[in-house]
Amino acid sequence: MLPRRQLLKGSAAIAALTAWPELGFAADGVLSDAPINLCASEVQRPLLPGRRPSRLFLYDGISPGPTIRRQQGDRLRVLFHNDLSVPSTIHWHGVRLTNRMDGVPNLTQAPVRAGETYLYDFILPDAGTYWYHAHFNSLEQVARGLYGPLIIEGDTSLSSSSRDVVLTLDDWWIDDDGRFVDGFTDWSQGKPGGRIGNIATVNGNSPGQLVEIPAATPVRLRLINAANAREFFPDFKGAEAKVVAVDGQPLAEPHPVTGPLRLGPAQRLDLMVRLPSGGEARLAEASGTLLGNQTLAVFRAGPPDKNAPQNVQLRPPNLTRPGPNNALQIPLVMTGGSSAEIAGARYQDAQRNLKQLVRAQQVWAFNQTADLPKQPLFRAKRGASVLVQMENLTGWSHAMHVHGHHFQVLNSRDDLDAKAWRDTVMIDRNQKVEIAFVVDNPGRWLLHCHMLQHAVSGMRTWFEVV
Ligand code: C2O
Ligand code: CU
């Protein structure tokens, strides 16, 4: 049984898909410096209508949390209230912000304890599609619903809600009673690929909802994958579509959609679509691994918008290309996930055998080290070019995420990756992927797998820019 009605929000389903939550702040940026409140709390609510309640963690009582919309260059101030009974923090995924606002517990800030508040305060340097999520025990906290879209405008004039549609994708693991499956402590659970759910939601609603968009007008669809470990394979069918931005950063040239796209955990894709008058199109999920509806959303052409621009070019990213020659070369070898693939590793500054690693639930490693080492993976001067040579010796794919920076992917088999600036890249088994970037943001930054089960059980390291 799948949710027929909307899952978590209180208003009509279609309205929930096409309208922005009203936060009480000015969308035009006039009041953009005023802090907004964001409150995390635990809520008992049925995931599916008529079923028994699940224990959810929500920002402001909804999942996804409120859409935060700002202009490029704005200062964003968010007063975070932690009304959970456990510590939490907020990470602003992909934003090149000042290090102490990055929300990584014990690396960039102390965890915000139950009942406490914390003011996040930073400038938004880039326009694009970003998101925010809990970064304390994120495996559990993100799975229970703590995430939301962060949309930074200023790269086009297409900002009205009918021409700019956010679609936040998630999956949920539910049991036969329709309840959220707990069980975060046993890393194995026969799921070394991470916590992959069996039903999908789009903006917290059951998939396949109808969205009306103006005909004969470019409309921007912002796809965000907020799932714990699932890769989505979205395919836009029935009308013309192009990828115009990846992980928030615009592509130099739009990339035509000719089949399923790959959207790994934490990644974003911005599509520009155009429906003819009377047209209908759909965003399908091509993996076929979800229960129920394999259509994420249906788009129907409404009245044309005469004032809309017909040609939309995004402004190019403001990022420095890494130098090809004198880059610092950093090997990063990924192991783990099964006894055949990890014999032992360093953990908390001592060498451990497999049995000890399993007991500590640290079964994945970067360079034979599980979890954050005392010394960084590398330390580099601000402005240096860095080449991280990742090699995946595990039996699974991973979603490798660098905090505070965007990088170029040098040798991917994926032609979209080859053109993009990314903050999160997929690396498949037995694959080598090199990423290059200029470290231009001082501080201590995390580098980890965004399949959150992998991150909490070893796949995390850090680097320092001085
Ligand atoms: Cu969205 Cu450290 O991650
Ligand atoms: Cu992983």
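Are Arg 69 and Asp 164 buried or exposed? Both residues are buried, a label for a relative accessible area under 20%, with exposed meaning over 50% and partly exposed in between (1.4 Å probe, protein chains only). The structure is a predicted model, in which local features need pLDDT of at least 70, side-chain atom pairs count only at pLDDT 80 or more, and totals for chains, interfaces and linings use all residues. Residues are numbered from 1 along each chain as its sequence is written, chains are lettered from A and ligands numbered from 1 in the order in which they are written, and side-chain values use heavy atoms, with hydrogens and water left out.

The predictor's confidence in each residue is given as pLDDT, from 0 to 100. The protein chain has a mean pLDDT of 89. A value of 70 or more is reached by 91% of its residues. Residues 1-31 have a pLDDT below 50. Beyond near neighbours in sequence, this stretch has 76 contacts in the model, a contact being heavy atoms within 4.5 Å.

Salt bridges were searched for across the whole structure, and 29 were found. The criterion is a side-chain nitrogen of Lys or Arg within 4 Å of a carboxyl oxygen of Asp or Glu. Arg 69 and Asp 164 form one such bridge, at 3.3 Å from N to O. This pair links distant parts of the chain, with Arg 69 in strand β3 (residues 68-71) and Asp 164 in strand β9 (residues 164-172), 95 residues apart. Helices (H or I, at least four residues) and strands (E, at least two) are DSSP runs, numbered from the N terminus.

Arg 222 and Asp 270 form another salt bridge, their closest N and O atoms being 3.7 Å apart. Arg 222 lies in strand β12 (residues 219-225) and Asp 270 in strand β16, so the pair ties together parts that are 48 residues apart in sequence. Arg 222 counts as buried because its relative accessibility is 1%. Asp 270 counts as buried at 0%.

Arg 75 counts as partly exposed because its relative accessibility is 31%. Asp 121 is partly exposed as well, with a relative accessible area of 21%.

Strands β9, β12 and β16 are among the six that form an open sheet, in the order β10-β9-β12-β16-β14-β15. The pairing is mixed; two strands pair if DSSP finds at least two bridges between them. The edges are β10 (199-202) and β15 (249-256), each with a single partner strand, so one side of each is left without a neighbour in the sheet. From one strand to the next, the twist averages 25 degrees. Such angles run from 0 to 180 degrees between N-to-C directions, and axes are lines fitted to C-alpha atoms, for helices over the stretch in contact. Within the sheet, β14 (residues 240-246) and β16 (residues 268-274) pair in the antiparallel sense over six bridges. Lys 242 stands opposite Met 272 in β16.

The copper ion (ligand 2) is coordinated by His 398 (ND1), Cys 449 (SG) and His 454 (ND1), at 2.0 to 2.1 Å. Donors are N, O and S atoms within 2.8 Å of the metal (3.2 Å for Na, K and Ca); water is not among the atoms, so sites may look incomplete. Along the chain, the donors follow the spacing H-x50-C-x4-H. Cys 449 and His 454 are buried.

The peptide bond from Ser 63 to Pro 64 is cis, with omega near -5 degrees. Pro 64 lies in the loop between β2 (53-59) and β3. Asn 137 is not a glycine, yet has a positive phi of about 40 degrees. Asn 137 sits in the loop between β7 (128-134) and α2 (138-143), and is partly exposed at 37% relative accessible area. Ala 266, in the loop between β15 and β16, also has a positive phi, near 80 degrees. Ala 266 is buried, with a relative accessible area of 0%.
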